[in-house]
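Please examine the sequence and the structure shown here before reading the report.

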Amino acid sequence: MIKRLITIFGIIVVLAALYVGAYLPYRKSQLGILALYQIRQAKSVAEIEDRTNIALNYFSPIGQEEITSFITDTLTVIISRLDKTSAVQVAPQLADYLETINESIIKKEKGFNFTKALYALGKMNYFVWIQTNNTDFAAKSENYYQKCLKESPRRVECLYGLFELYGKQKNRSNNTIKVGEEILFYWPTDTEVIKIVNELKNKF
């Protein structure tokens, strides 16, 4: 009798482990993939949030940060492709939403996904600034890139992101040159950066 109970208990434990460790992550990934498809068809910010929240709110021990990253990247592309009229209203709303869903990752202040989220939010705010001309988003983009580089000084995406951001701003030539020289310190064969840095230096 005892052996039978032990066997039954063992089966229950195995099934529970499979459910939590395999089925839940699999189901969450399915919902995430579906959300990425559906948000491309969405007609409003509210509909986008409804679709993505289904995946984000589905419990799973793993997969939350990965799905958040995919959603952030996808919506950033959408922001970058908005027409200027729509962007003024829609882009800031999407920015607020992306800030919210990345909040738990940012609060950790460590790890690969932390720096990845910093870069993603820097890039997202950059495109919102480009689309709306609201300099508040340029400041946010700069802040995220700088935090990313503080955490990971050689993070190539954040260096190039900051270089592009400064390059688009007026009266930031010195900053552009400084970041460009840092890029060239690590990657001295980047001919495009060499060209831009030299052109800016020749203006002084």
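## Basis and confidence

This is a predicted model, in which local features need pLDDT of at least 70 and side-chain atom pairs count only at pLDDT 80 or more, while totals for chains, interfaces and linings use all residues. Residues are numbered from 1 along each chain as its sequence is written, and side-chain values use heavy atoms, without hydrogens and water.

The mean pLDDT (the predictor's confidence in each residue, from 0 to 100) is 91 for the protein, and 89% of its residues reach 70 or more. Over residues 12-19 the pLDDT is below 50, and this stretch has 3 contacts (heavy atoms within 4.5 Å) beyond near neighbours in sequence.

## The packing of two helices

Helix 9 (residues 173-186) packs against helix 10 (residues 191-202) at an angle of about 145°, their axes lying 9 Å apart. Helices here are DSSP runs (H or I, at least four residues) numbered from the N terminus. Axes are lines fitted to C-alpha atoms over the stretch in contact, and angles run from 0 to 180 degrees between N-to-C directions.

In helix 9, the residues that meet helix 10 include Ile-177, Gly-180 and Leu-184; among their partners in helix 10 are Val-193 and Val-197. This contact has 7 nonpolar residues (Ala, Val, Leu, Ile, Met, Phe, Trp, Tyr, Cys and Pro), 3 polar (the others, Gly among them) and 2 charged (Asp, Glu, Lys and Arg).

## The lining of the cavityThe largest cavity is lined by residues including Glu-65, Asn-102 and Ala-120. A cavity is a set of points on a 1 Å grid over the protein atoms alone where a 1.4 Å probe fits but cannot get out, and lining residues have an atom within 4 Å of a point. Helix 6 (112-132) gives the largest share of this lining, 4 residues.

Key: 1 Å grid on protein atoms, 1.4 Å probe; cavity = no way out; pocket = protein on both sides within 12 Å on 5 of 7 lines; lining within 4 Å.
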